[in-house]
Amino acid sequence: MSRLSIRGVGRTFPGVNGGAATLALQPTDLDVADNDFITILGPSGCGKSTLLRIVAGLDEPTQGEVLLDGAPVRGPGAERGMVFQSYTLFPWLTVQQNICFGLREKGMPGAEQGEIAARFIAEVGLRGFENHYPKQLSGGMQQRVALARALANDPKILLLDEPFGALDNQTRALMQELLLSIWEQHRKTVLFVTHDVDEAIFMANRCVVFSARPGRIKNELAIELPYPRHYTVKTTPRFSELKAVVTEDIRAESLKTAQMEH
Amino acid sequence: MKPLREVEPGAKLALGISFFVLFFAVWAAATLGGYVSKTFLADPITMFRSGWTLLAEQGFAKDIGYTVWRVLGGFVLAAVVAVPLGVAMGAYKPIEAFFEPFVSFARYLPASAFIPLLILWAGIGEAQKLAVIFIGSFFQLVLMIAVTVGGTRRDLVEAAYTLGANDWGIVRRVLIPAAAPQVAETLRLVLGWAWTYVIVAELIGASQGIGHMITDSQALLATDQIIFGIITIGLIGLVSDLAFKRANRALFRWAAL
């Protein structure tokens with residue numbers, strides 16, 4: 001049985017001030033198996049983030065349901081960790097305290113919290129920054145802490161909503177490698193939303209391409225590039241082929257989006 | 001000078017002090033030079049001399065003590081009720097919907113207009129003074145705190161939910177700490193307003209306090225004492241404001257980063 005099962009999930013946003021309702025997401029089916037690294041790629045405004053928020057329990061579907069290990073998702077919970085595009089570290093807590101937030105909420109003893117935090121701080125390469133406040137860190141470092149914070153909670157599935165979207169290209173590439181190496185080590189199930197083609201192919205074992213709004217799954221392809229992946233994989237012929245296919249798909253949808261806006 | 005360009009700390013202090021100097025110089029020139037009648041405005045030297053007499057011989061320190069205690073007493077009472085209520089209103093929309101219209105209405109009721117009514121209800125003792133401060137600060141505090149808490153970044157709340165926080169955890173570990181620095185700033189601001197209410201409360205039906213001394217001095221045409229009283233209030237206000245600012249900065253170091 002698949003770990004996460006999205007069954008006929010659709011979302012319509014009610015009209016504002018008597019306006020027409022907006023169909024953001026057409027009924028969508030998606031099965032995520034254990035240890036999958038799935039990227040959801042789509043043009044902006046296609047409903048991919050809406051789908052992720054529904055999986056997280058932060059938004060409710062107008063139809064369909066999400067099952068995690070067979071149990072329907074009702075509201076947010078610690079078993080579905082999330083990293084957001086915006087910087088969501090708690091500014092009043094230090095790096096260490098941020099990472100311990102979920103553990104403390106679980107009622108874990110302090111010593112154990114400290115051990116886990118130390119492990120993940122080391123894993124995201126932030127040793128020495130334990131007592132820094134988020135504002136003292138760069139954007140990339142903040143997202144590394146956010147990743148460590150989500151991982152420290154040991155969720156069943158990790159949801160990432162364009163977590164590197166606000167970072168510059170070089171930092172973003174490094175973050176992708178970091179995330180990939182962490183995934184290769186822990187094999188945590190990952191659902192990663194992005195609008196960046198390279199990013200979608202580089203990390204995933206499956207890439208799901210969304211259509212323009214109202215979103216639906218347009219194409220799904222297995223990325224059979226072998227793990228562990230080195231960043232040089234981006235220059236291989238196979239990567240270029242996959243990129244060509246995906247780019248063609250996404251380009252058609254972006255054009256539709258652009259036309260809708262005229 | 002360039003727009004928004006910071007000034008150096010030393011120069012900043014010098015500029016701040018120089019206006020005080022200028023102010024006193026103009027005042028001294030106008031009064032000592034004989035341009036203004038002594039009946040209407042005492043000169044600075046007489047003012048300081050009679051201020052000293054007030055403190056040393058007429059027990060003005062006790063008046064100051066009374067006024068400070070009234071402000072703090074009324075303000076602390078208001079804060080003790082207003083902070084939890086404001087947090088509850090900011091966090092829970094039905095609670096806000098229940099209280100907000102009345103509080104919005106009540107905060108426009110001038111505290112000083114309640115004085116005759118409060119004298120009728122509470123007499124002219126300390127309870128009446130505390131009540132004026134309470135009315136003057138409470139509604140303002142509630143409303144501003146509710147807005148601050150309600151304005152907490154939604155993405156922080158969502159992040160906390162995905163980390164397994166329950167509703168009470170959201171209030172306790174996200175809404176309150178996120179709002180705390182701004183709430184402390186609100187308290188500092190409203191404490192300043194409380195000072196203006198206390199003097200009004202003491203102008204009517206008081207037998208101690210800085211406001212009472214000012215009313216007494218008016219009957220004696222002692223403008224030197226009136227001005228000394230006003231300056232005393234200003235100084236206490238300045239000192240308490242600085243202390244509050246310092247405390248806020250020390251307590252919420254992260255907010256100033």
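Tutor: Start with one cut-off: a residue is buried if 20 or more other C-beta atoms lie within 10 Å of its own, and exposed if 12 or fewer do. Keep in mind that this is a predicted model.

Student: Which residues of helix 7 of chain B are buried?

Tutor: Apply the cut-off of 20 or more C-beta atoms within 10 Å. In helix 7 of chain B, the buried residues are Leu156(B), Glu158(B), Ala159(B), Ala160(B), Tyr161(B) and Thr162(B).

Student: What covers the buried residues of helix 7 of chain B?

Tutor: Look in both chains. Chain B contributes helix 8 to the cover. From chain A, the cover includes helix 1 (48–56) and strand 6 (80–83).

Student: How many residues of each chain are in contact between chain A and chain B?

Tutor: Count each side separately. On chain A, 23 residues take part. On chain B, the number is 14.

Student: Which helix of chain B gives the most to the side that touches chain A?

Tutor: Two helices of chain B, helix 7 (154–162) and helix 8 (167–203), each supply at least two residues of that side. One of them gives the most, with six residues. That is helix 7 of chain B.

Student: How do the residues of the side of chain B that touches chain A divide into nonpolar, polar and charged?

Tutor: Sort the residues of that side by class. Two are charged and three are polar. The nonpolar ones number nine.

Student: What is the phi of Gly164(B)?

Tutor: Gly164(B) follows helix 7 of chain B. Its phi is positive, near 100°.

Student: Does Gln182(B) count as buried, partly exposed or exposed?

Tutor: Gln182(B) lies in helix 8 of chain B. Buried needs 20 or more C-beta atoms within 10 Å, and exposed needs 12 or fewer. Gln182(B) has 19 such neighbours, so it counts as partly exposed.

Student: What separates the C-alpha atoms of Gln182(B) and Trp195(B)?

Tutor: Along the chain, Gln182(B) and Trp195(B) are 13 residues apart.

Student: How do helix 4 and helix 6 of chain B pack: parallel, antiparallel, perpendicular or oblique?

Tutor: Helix 4 (residues 93–106) and helix 6 (residues 126–150) of chain B have axes 9 Å apart, at an angle of about 135°. That angle makes helix 4 of chain B, relative to helix 6 of chain B, oblique.

Student: Is the crossing of helix 4 and helix 6 of chain B left-handed or right-handed?

Tutor: The residues in contact include Glu96(B) and Val103(B) from helix 4 of chain B, and Phe139(B) and Leu143(B) from helix 6 of chain B. By class, the contact has six nonpolar residues, one polar and one charged. The crossing is left-handed.

Student: Why does chain A count as compact for its length?

Tutor: Chain A has seven helices and 10 strands. For 262 residues, the globule rule gives 18 Å. Chain A is as compact as a globular protein of that length because its radius of gyration is close to that, at 19 Å.

Student: What share of chain B is buried?

Tutor: Chain B has 10 helices and zero strands. Its C-alpha trace spans about 75 × 55 × 30 Å along the principal axes. Of its 257 residues, the buried ones make up 36%.

Student: And what share of chain A counts as buried?

Tutor: The C-alpha trace of chain A spans about 55 × 50 × 40 Å along its principal axes. Of the 262 residues of chain A, the share that counts as buried is 44%.

Technical notes
Residues are numbered from 1 along each chain as its sequence is written. Chains are lettered from A and ligands numbered from 1 in the order in which they are written. This is a predicted model: local features need pLDDT of at least 70, side-chain atom pairs count only at pLDDT 80 or more; totals for chains, interfaces and linings use all residues. Two residues are in contact if their C-beta atoms, placed from the backbone, lie within 7 Å. Helices (H or I, at least four residues) and strands (E, at least two) are DSSP runs, numbered from the N terminus. Ala, Val, Leu, Ile, Met, Phe, Trp, Tyr, Cys and Pro count as nonpolar, Asp, Glu, Lys and Arg as charged, and the others, Gly among them, as polar. Axes are lines fitted to C-alpha atoms, for helices over the stretch in contact, and angles run from 0 to 180 degrees between N-to-C directions. Angles under 35 degrees count as roughly parallel, over 145 as roughly antiparallel, 65 to 115 as roughly perpendicular and the rest as oblique. A crossing is left-handed if the near helix is turned anticlockwise from the far one by less than a right angle, and right-handed if clockwise. The radius of gyration is taken over C-alpha atoms; the globule rule is 2.2 Å times the number of residues to the power 0.38.
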